[in-house]
Amino acid sequence: MKKALLVGINNYPGTSNDLMGCVNDVQNMQNLLVSMFGFTTQDITLLTDREATTANILKGLEALVADARSGDLLVFHYSGHGSQVADPEGDEPDRLDEILCPYDLDWKTKMIRDDDLKRIFDPLPPGVHLEVFLDSCHSGTGLKVIPDRNGSYR
């Protein structure tokens, strides 16, 4: 099975922080997945601007990993603003969680935390190939990826 969730957000209402190329980025990724990697348009969920709410992104991520089995190829691509917020769990050395900023960002509850991505992706079974592209500020530790005892990343 091949599935992808592509999220691109140019417009952030009520701010002067709009971006210019994020929707183009995910449209280009969709074209690439279809033309070069054997995806069909039915394999791809595309969320742009006002569709890319916190609830819709989380729902899309849950659908992306649902029923995944060894040999499946999953792709998550996010293009938009990223930031950091205080880490309420206390599991971050810098005491900050990295976040993806959805269309309806409110800086309190409407955001996608690195903890959300870890919670959603960690249960994937061995052999599932997950590619994640985070085109945003503060994306370097956006997945809370830690090497296992063999030095491999999951």
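Q: Which side chain does Glu98 join in a polar contact?
A: A polar contact is a pair of N or O atoms within 3.5 Å; within protein, one must be able to donate a hydrogen and the other to accept it, and residues adjacent in sequence count only if both atoms are side-chain atoms. Here the side chains of Glu98 and Gln84 are joined by one of 2.9 Å. This is a predicted model: local features need pLDDT of at least 70, side-chain atom pairs count only at pLDDT 80 or more, and totals for chains, interfaces and linings use all residues. Residues are numbered from 1 along each chain as its sequence is written, and side-chain values use heavy atoms, with hydrogens and water left out.

Q: Where is Glu98, and is Glu98 buried or exposed?
A: Buried means under 20% relative accessible area, exposed over 50%, partly exposed in between (1.4 Å probe, protein chains only). Glu98 has a relative accessible area of 4%, so Glu98 is buried. Its place is strand β5, residues 96–100. Strands (E, at least two residues) and helices (H or I, at least four) are DSSP runs, numbered from the N terminus.

Q: What lies 3.2 Å from a polar atom of the Asp87 side chain?
A: The backbone nitrogen of Glu89. Asp87 sits in the loop between β4 (82–86) and β5. Asp87 is buried too, at 10% relative accessible area.

Q: How many salt bridges does a search of the whole structure find?
A: A salt bridge is a side-chain nitrogen of Lys or Arg within 4 Å of a carboxyl oxygen of Asp or Glu. The search finds four. One of them joins Arg113 and Asp97, at 2.7 Å from N to O. Arg113 is in strand β6 (residues 112–113) and Asp97 in strand β5, so this pair ties together parts that are 16 residues apart in sequence. Arg113 and Asp97 are both buried.

Q: With which residue does Asp122 form a salt bridge?
A: With Lys118; the closest N and O atoms are 2.7 Å apart. Asp122 is partly exposed at 38% relative accessibility. Lys118 is also partly exposed, at 29%.

Q: Which strands pair with β1, and in what sense?
A: Two strands pair if DSSP finds at least two bridges between them. β1 pairs with β3 (residues 73–79) in the parallel sense over seven bridges. β1 and β2 (residues 44–48) also run parallel, joined by five bridges. Follow Leu6: its bridge partner is His77 in β3 and Leu46 in β2. Strand β1 (residues 2–8) is mostly covered, with six of its seven residues buried.

Q: What handedness does the β-α-β unit have?
A: A crossover is right-handed if, with the strands pointing away from the viewer, the path from the first strand over the helix to the second runs clockwise. The unit made by β1, helix α1 (residues 22–37) and β2 is right-handed. Leu32 has its place in helix α1. Leu32 is partly exposed, at 37% relative accessible area.
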